[in-house]
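Biologist: Could you walk me through how to read a helix that has one side tucked away? I'd like the general idea, then the case here.

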Amino acid sequence: EIQVQQALSELAPEGTRNTEVERMVRQRVGQDKFRQSMIDYWGAACAVTGLTLLPALRASHAKPWADCSNDAERLNVFNGFLLSANLDALFDKFLISLDEEGQIVISDTISKSDRHSLGLLPSMKLRWVSSAHEPFLEYHRKQFLHV
């Protein structure tokens with residue numbers, strides 16, 4: 001809360017605080033915390049490929065930030081995966097998902113040629129998966145099936 005108030009005071013003069021600005025700052029602060037927790041949990045490497053180039057890694061939510069019912073759910077370490085930028089983009093748009101064992105599930109809308117270009121292999125899977133990931137992965141798979 002203190003971080004949010006400090007960031008707000010830097011953005012807007014006293015008395016002109018805007019709720020939209022407050023939402024954006026709260027979101028940014030939370031996302032930074034979430035990213036750091038993903039880096040810590042996944043050992044600073046992509047949860048699937050093991051890539052360790054941090055600027056190319058994204059903290060990805062299985063249950064999207066906007067769909068979460070509260071901050072605890074948004075920041076839950078089991079609601080996320082540290083993914084390479086291309087995997088994150090596909091995961092975020094529900095073009096790939098992960099099954100109960102962490103095995104990649106690839107949308108039929110991605111052509112074989114594009115799969116090859118993206119480096120998507122049916123053998124890809126999470127380096128490890130916890131049962132605590134499952135409620136979030138289940139949510140993600142339901143969205144994946146409806147895209």
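Biologist: Which residues of helix H4 (residues 85-92) are buried?

Modeller: Buried means under 20% relative accessible area, with exposed over 50% and partly exposed in between (1.4 Å probe, protein chains only). In H4, that gives Leu87, Asp88, Leu90 and Phe91. Seen down the helix axis, these buried residues fall within an arc of 165 degrees, so they line one face of H4; the arc is that of the directions from the helix axis to the C-beta atoms. The general idea: an α-helix has 3.6 residues a turn, so residues three or four places apart point the same way.

Modeller: Before going on, this is a predicted model: local features need pLDDT of at least 70, side-chain atom pairs count only at pLDDT 80 or more, and totals for chains, interfaces and linings use all residues. Residues are numbered from 1 along each chain as its sequence is written, and side-chain values use heavy atoms, leaving out hydrogens and water.

Biologist: What do the buried residues of H4 pack against?

Modeller: Contact means heavy atoms within 4.5 Å. The partners are strands S1 (57-61), S2 (80-84) and S3 (96-98), plus helices H5 (112-118) and H6 (134-145). Helices (H or I, at least four residues) and strands (E, at least two) are DSSP runs, numbered from the N terminus.

Biologist: And where is His133?

Modeller: His133 sits in the loop between H5 and H6, and is buried, at 0% relative accessible area. Leaving aside neighbours within four places in sequence, His133 touches Tyr41, Trp42, Val77, Phe78, Gly80 and Phe81.
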